[in-house]
Amino acid sequence: MILELRNICKDYIQEKMVIPVLKNVSFSMEEGEYVAVMGPSGSGKTTLMNIVGCLDQATSGTFWLDGQDMSTCSENELSDIRLKKIGFVFQNFQLLPRQTALENVELPLTYAGVSRKERRERAAQALARVGLEDRMQFRPSQLSGGQKQRVAIARAMVNHPKILLADEPTGALDSTSGQQVMDLFQSLNEEGVSILMITHDREIAGYAGRMVSIRDGILRLEEQP
C-alpha cells in the first residue's frame, strides 16, 4: 500500500464560520497503481491532493504514506518526505524562468545535497527520458507548453519518488501536447511509477487504471474508465 486515507476531514474557517471541504474521505492506493480523481471545480480535489502531497494537514482522520503516519511527522520531516518520496506536476508547470531546463530539473537534487557532478548527470538523464535531451540549455520562455510540462515531469521524477502527484497536468496544454504528456505518464506507470492524478476531464481520467470521483467533498465509489 503506497497510501491510505481514513475518514479524512478538512475544514476551513471563514469569518468565524466552519466550511467543510472534505467529508470523511477514505481512499487507498497500491504501489504501482495509476489512479485518477475526477471532479468539478470546487469539489475538494485540490485540497485532497494537497493533503496527500503533505502540503496541508487534515482537520481530522489519518493518512499513511509508504507505511508512515503523516500526523506524527514534524514540519522538517514532512519537508523531507516531500523531497524524497513525492514528485509534483502542476497545471502551470512552476518552473523558474531564469533557469535552464537542466537547472530546473536539478533543483530537487540540490536541496537533497547531491554533488554537482551527479546532479548534472541525473538531470540530463531525466530530460532525455522525457525526450528533451536537445533542450537542456533552453529557458522556459524558449519552450512550448508541452515541453515545459515535460521538464516539470523530469524534475518530479529525478529523485525517484514513491509517488507522482499530477494536478490537472494537461489543463494548460493543447490536445497534441496533452496527448504527449499522457503517453509519458502511461510509460512511467508501466515502469512501475505510482501516479495519482486529479482532473475535471473524463477523457484524461480515462488514461488511468482506476477512477474515483469527488463532489462536494465526498469521495464517490470507484468507477472504471
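This is a predicted model: local features need pLDDT of at least 70, side-chain atom pairs count only at pLDDT 80 or more; totals for chains, interfaces and linings use all residues.
## Residue classes

Ala, Val, Leu, Ile, Met, Phe, Trp, Tyr, Cys and Pro count as nonpolar, Asp, Glu, Lys and Arg as charged, and the others, Gly among them, as polar.

## Largest pocket

Two or more lining residues come from each of helix H2 (75-85), strand S6 (86-90), helix H3 (101-111) and helix H5 (145-157).

Strand S6 makes the greatest contribution to this lining, with 4 residues. By class, the lining of the largest pocket consists of 11 nonpolar, 4 polar and 2 charged residues.

## Second largest pocket

For the second largest pocket, the volume is about 260 Å³. Ala 126, Arg 129, Met 157, Val 158 and His 160 are the closest to the centre among the 14 residues that line this pocket.

At least two residues of this lining are supplied by helix H4 (116-129), and at least two by H5. Helix H4 gives the most, with 4 residues. The lining of the second largest pocket divides into 9 nonpolar, 2 polar and 3 charged residues.

## Helix H5 in both linings

Helix H5 (145-157) is listed among the elements that give two or more residues to the lining of the largest pocket, and H5 also supplies at least two residues to the lining of the second largest pocket.

Notes. Residues are numbered from 1 along each chain as its sequence is written. Side-chain values use heavy atoms; hydrogens and water are left out. On a 1 Å grid over the protein atoms alone, a cavity is a set of points where a 1.4 Å probe fits but cannot get out, and a pocket is an open set with protein on both sides within 12 Å along at least five of seven lines; lining residues have an atom within 4 Å of a point. Grid points are joined across faces, edges and corners, and a volume is the space filled by probe spheres set on the points.
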